[in-house]
Amino acid sequence: MNSILQNDLNDLENILEKAKQHGIAFLDNLENVPTSSKNTMDPTRKLNEKGLGSLGALEEFKERLAPLMVASPGPRYLGFVTGGSTPASIVGDWLSTVYDQNTQAVKAQGGTSALIEFEAIHLLRQLLELPESFLGGFVTGATMSNFTCLGVARQWIGAQSGKDFAKNGVSGAIPILTATPHSSSIKTLSMLGIGSNNYTVLKTAEGNREAIDIDDLQKNIESLSGEPFILISSAGTVNTADFDDFTAIAKLREKYNFWWHIDAAFGGFAAVSEKFKHLTDGWEGADSITIDCHKWLNVPYESAFYLIKKEHLGLQIETFQNSNAPYLGNPLENFNYLNVLPENSRRLRALPVWFSLLAYGKEGFKDIIEKSTALALHFANALIEDENFELLAPIRLNNVCFTLKGDHNQEHVSAFLTHLNDTGKVFMTPTVYQNRKGIRASFVNWRTTENDIKIIIEEIKKTITELDF
């Protein structure tokens, strides 16, 4: 064995202790870590011949790389719908690395860690009160979850006319209807060979909504004259956390033949709260659902899961099976995730989720969801009371979409947000809503408190004063 590797093996406990101490120091000081950074580094370092050893590399990390890190797991990082990492999820993530499984099989001599994934999905179905008619698994994020779900939807479309798109490629147009899809769904259409331009944009409901106008949906369905199609709907749109009317869509399913996909990346967790679960009424009728865990479930990146109805398992295997690997056995008889998902290499992403669900239970996550939504309202009310701002949409769940008051200030929105983010006290993301420049703050982090809202409002007022628009 290489001498430096041997030294690291002999000193493993000390190495991990030093890394733990560094991690704890970061987390303990998270409120003071900047939410944005202008720090930079020269990424063209020369690789040394002999190596520094783990402790030497850790010291260089502290000096050169750590200054690039921002407080994205912290209480005032409100951009990109970013959750933090709860203590239990960190334990699960660390142990995922320690055990280092390629999580694929539920029965095999080479490891059965996929049973943990099965149980985690079972626990998530209970949390969200979804039926056992769904099978699920973990992927890196909403993009790959949407890819998995819509990949099977693509295969379903082909099967309606006796075609196997997975084997022979896509032939002909695939009708896709949607209103305000997340960009990851559109990216998925590109990756699936359907085309990122090849979808029909439905009207949105009246009353400052991002949800599908059901009447327009029905008109578009009727114009297809019975042709099967894919519907991409939303449980929590990216700007205003709006929800499509799943009960109405379920009724249309009784009359028309289509694949119903729901992108519920963060909004699906509304089902955990009695206050908001009505928003998801009827979603159990969908064919597939996408949900992120590194958002409102507050586990480390990368973590999301898909849910697809069991009745489509054959189509899912047709889409993703490793057909030229006979040593893997019959995929219908010997379940293996590498035959139902894009990745042949998968870490044990289920473990941080499993730890979180066991550690905090339904009550714990209900508290996070309801606290987040209350803080969103609190922040929105503070903005309303300030004459410099206006809301672009009502607060429906946990996203606050706002802008500088008055059309004459539209040219200043970008400068205001850049200046605000440069303070390092808060981070929000820019957006455009109904052709107006805006700012979006998303509340999902388990650490955020009313005191954080106070700090954010103070920074916002200070920024307005300093810029003097």
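Modeller: A helix here is a DSSP run of H or I with at least four residues, a strand is a run of E with at least two, and both are numbered from the N terminus. The model itself is predicted.

Colleague: What makes the phi of Val 81 worth a remark?

Modeller: Most residues other than glycine have a negative phi. Val 81 is not a glycine, and its phi is positive, near 50 degrees. Phe 80 also has a positive phi, of about 60 degrees, without being a glycine.

Colleague: Why is Val 81 called buried, and what is Phe 80 called?

Modeller: Buried requires under 20% relative accessible area, exposed requires over 50%, and partly exposed covers the range in between. Val 81 has 3%, so it counts as buried. Phe 80 has 48%, so it is partly exposed.

Colleague: Which residues does Lys 295 touch beyond its sequence neighbours?

Modeller: Leaving aside neighbours within four places in sequence, the contacts of Lys 295 include Phe 80, Val 81 and Val 444. Lys 295 is in the loop between E6 and E7. Its relative accessible area is 12%, so Lys 295 is classed as buried.

Colleague: In what order do the strands of the seven-stranded sheet run?

Modeller: The order is E1-E7-E6-E5-E4-E2-E3, the sheet is open, and the pairing is mixed. Strands E1 (134–139) and E3 (200–201) are at the edges because each has a single partner strand, which leaves one side of each without a neighbour in the sheet. Helix H5 (residues 114–128) packs on this sheet and touches E1, E6 and E7, and its direction makes about 115 degrees with that of E1.

Colleague: How do you know that E6 and E7 are paired?

Modeller: Pairing needs at least two bridges found by DSSP. E6 and E7 have five, in the antiparallel sense, so by that rule they pair. Thr 290 stands opposite Tyr 306 in E7.

Colleague: What is the strand order in the sheet of four?

Modeller: That open sheet is ordered E8-E9-E11-E10, with antiparallel pairing. Its edge strands are E8 (389–391) and E10 (429–433), each pairing on one side only. From one strand to the next the twist averages 45 degrees. Helix H13 (residues 413–422) packs on the sheet, with contacts to E8, E9, E10 and E11, and lies at about 25 degrees to the direction of E11.

Colleague: How many aromatic pairs are there, and why is Tyr 77 with Phe 427 called stacked?

Modeller: The count is 16. A pair needs ring centres within 6.5 Å, and stacked needs planes under 30 degrees apart. The centres of Tyr 77 and Phe 427 are 4.8 Å apart and their planes are at 15 degrees, so the pair is stacked. The two residues are 350 apart in the chain, Tyr 77 in the loop between H3 and H4 and Phe 427 in the loop between H13 and E10. Both fall under the 20% limit for buried: Tyr 77 has 10% and Phe 427 has 14%.

Colleague: What makes Tyr 360 and Phe 365 an edge-to-face pair?

Modeller: Their centres are 6.3 Å apart and their planes are at 75 degrees, so the pair is edge-to-face, the cut-off being over 60. Tyr 360, at 32%, is partly exposed, whereas Phe 365, at 1%, is buried.

Colleague: Why is Arg 346 said to lie over the face of Tyr 337?

Modeller: CZ of Arg must be within 6 Å of the ring centre and within 35 degrees of the ring normal. Arg 346 lies over the face of Tyr 337 at 4.4 Å from the ring centre. Arg 253 lies over the face of Phe 258 at 5.4 Å.

Colleague: How do you know that the length of H4 agrees with expectation?

Modeller: The expected span is 1.5 Å times one less than the number of residues. For the 13 residues of H4 that gives 18 Å, and the end C-alpha atoms are 18 Å apart, so the two agree. Buried residues of H4 include Ile 90 and Asp 93, and the cover over its buried residues includes H2 and H12.

How values were computed. Residues are numbered from 1 along each chain as its sequence is written. This is a predicted model: local features need pLDDT of at least 70, side-chain atom pairs count only at pLDDT 80 or more; totals for chains, interfaces and linings use all residues. Side-chain values use heavy atoms; hydrogens and water are left out. Axes are lines fitted to C-alpha atoms, for helices over the stretch in contact, and angles run from 0 to 180 degrees between N-to-C directions. Contact means heavy atoms within 4.5 Å. Rings of Phe, Tyr and Trp (its six-membered ring) pair if their centres lie within 6.5 Å; planes under 30 degrees apart count as stacked, over 60 as edge-to-face and the rest as tilted. Buried means under 20% relative accessible area, exposed over 50%, partly exposed in between (1.4 Å probe, protein chains only).
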